[in-house]
Structures are given as structure tokens and as C-alpha cells.
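Hi,

Here is the model I promised to pass on.

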Amino acid sequence: MFKALMLKILEFYQRYISKILGNNCRYYPSCSEYSKELFLFTNPFVAFLKTSQRLLSCNQLFRGGVDYPKISKKILPIFSKPCVFEYWLIPTKIIPYKGFCLRKDTYPLKTFWLVRIYPTHSLKIP
């Protein structure tokens, strides 16, 4: 319930208030998009704490820059027909190749950067 409430508040903010205030965030993705992704993929209370930390650091005293949300997720290999992806999960560590295989039914790393993929169908490529 808390998660759904926070997502509704973020949707309202992005749709109405953010358009009035303009693009003032020092980070990419913006603080509201960062918060929305955290609430979608993590525990709501952890997402609330990380969002609070991000909002407190979004000012002139901090540098800003690119800061994707970090999530922990157990990944099971699924082999199926190609589909459209909405997010990329980028591992936070480099895994050496020696002995790596999918026989354990899980990917050996569980912490990822969450990167949203924006649709390119509106771009006209010659």
C-alpha cells in the first residue's frame, strides 16, 4: 500500500509539478525517475531512505552527475523468443570467465545497476 501510494505521488509530481518547475535536477536520471525505479524494484522503505538521501544531495554543494539506482535481484536464466526490454541490469562487478556457466540456475552476481531503455521507435533512421 505504501509502495502504491508513493508511486501515485511520483506520477502526479512527474506529470504536473515537474513541468512547472523545469529541468533543475543535478543528476541523471532525475531524482523523481530514480525514486520511481527504486520503488518499482526494491523494498519501499529502503527506496524511501535512498530517495531521501538523493533529494538531500541534489543541491549546489554536491557535484551531481550520472547515478543509476542499484538493486539486488536474483536472476534465473530464461530461454525464450526475443522480446522488448524496458530495463537493462548491468552487473556492478566484473566476473572472471573461468568456470562460469549457467548450471546453477542463477547468475552468480546479485547486485546490478538499473538502467532504463527509452523507446527509439519515434526516431526516423534513414
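A quick definition to start: contact means heavy atoms within 4.5 Å. This is a predicted model, so local features need pLDDT of at least 70 and side-chain atom pairs count only at pLDDT 80 or more, while totals for chains, interfaces and linings use all residues. Residues are numbered from 1 along each chain as its sequence is written, and side-chain values use heavy atoms, with hydrogens and water left out.

Take Lys36, which sits in helix α2 (helices are DSSP runs of H or I with at least four residues, strands are E runs of at least two, numbered from the N terminus). Not counting residues up to four places away in sequence, Lys36 touches Leu7, Leu10, Gln14 and Arg116. Its C-alpha atom is separated by 9.8 Å from that of Ile9, 27 residues apart along the chain.

Now for the core. The largest nonpolar core has six residues, namely Met6, Leu10, Tyr34, Leu38, Phe39 and Ala47. To count, they must be buried Ala, Val, Leu, Ile, Met, Phe, Trp, Tyr or Cys joined through side-chain atoms within 4.5 Å; buried is under 20% relative accessible area, exposed over 50%, partly exposed in between, with a 1.4 Å probe and protein chains only. Helix α2 gives the most to this core, with three residues. Leaving aside neighbours within four places in sequence, Leu38 is in contact with Ala47, Lys50, Thr51, Pro69 and Lys70.

Which residues of α3 are buried? They are Pro44, Ala47, Thr51 and Arg54. The buried residues of α3 pack against α1 (2-21), β1 (27-28) and α2 (31-41).

Last, the aromatics. Rings of Phe, Tyr and Trp (its six-membered ring) pair if their centres lie within 6.5 Å; planes under 30 degrees apart are stacked, over 60 edge-to-face, and the rest tilted. That rule gives five aromatic pairs. Phe2 and Phe45 are stacked, at 5.3 Å centre to centre with 5 degrees between the planes. Phe2 lies in helix α1 and Phe45 in helix α3, so the pair ties together parts that are 43 residues apart in sequence. Phe2 and Phe48 are edge-to-face, at 6.1 Å and 70 degrees. One aromatic cluster is formed by Phe2, Phe39, Phe45 and Phe48.

Cheers
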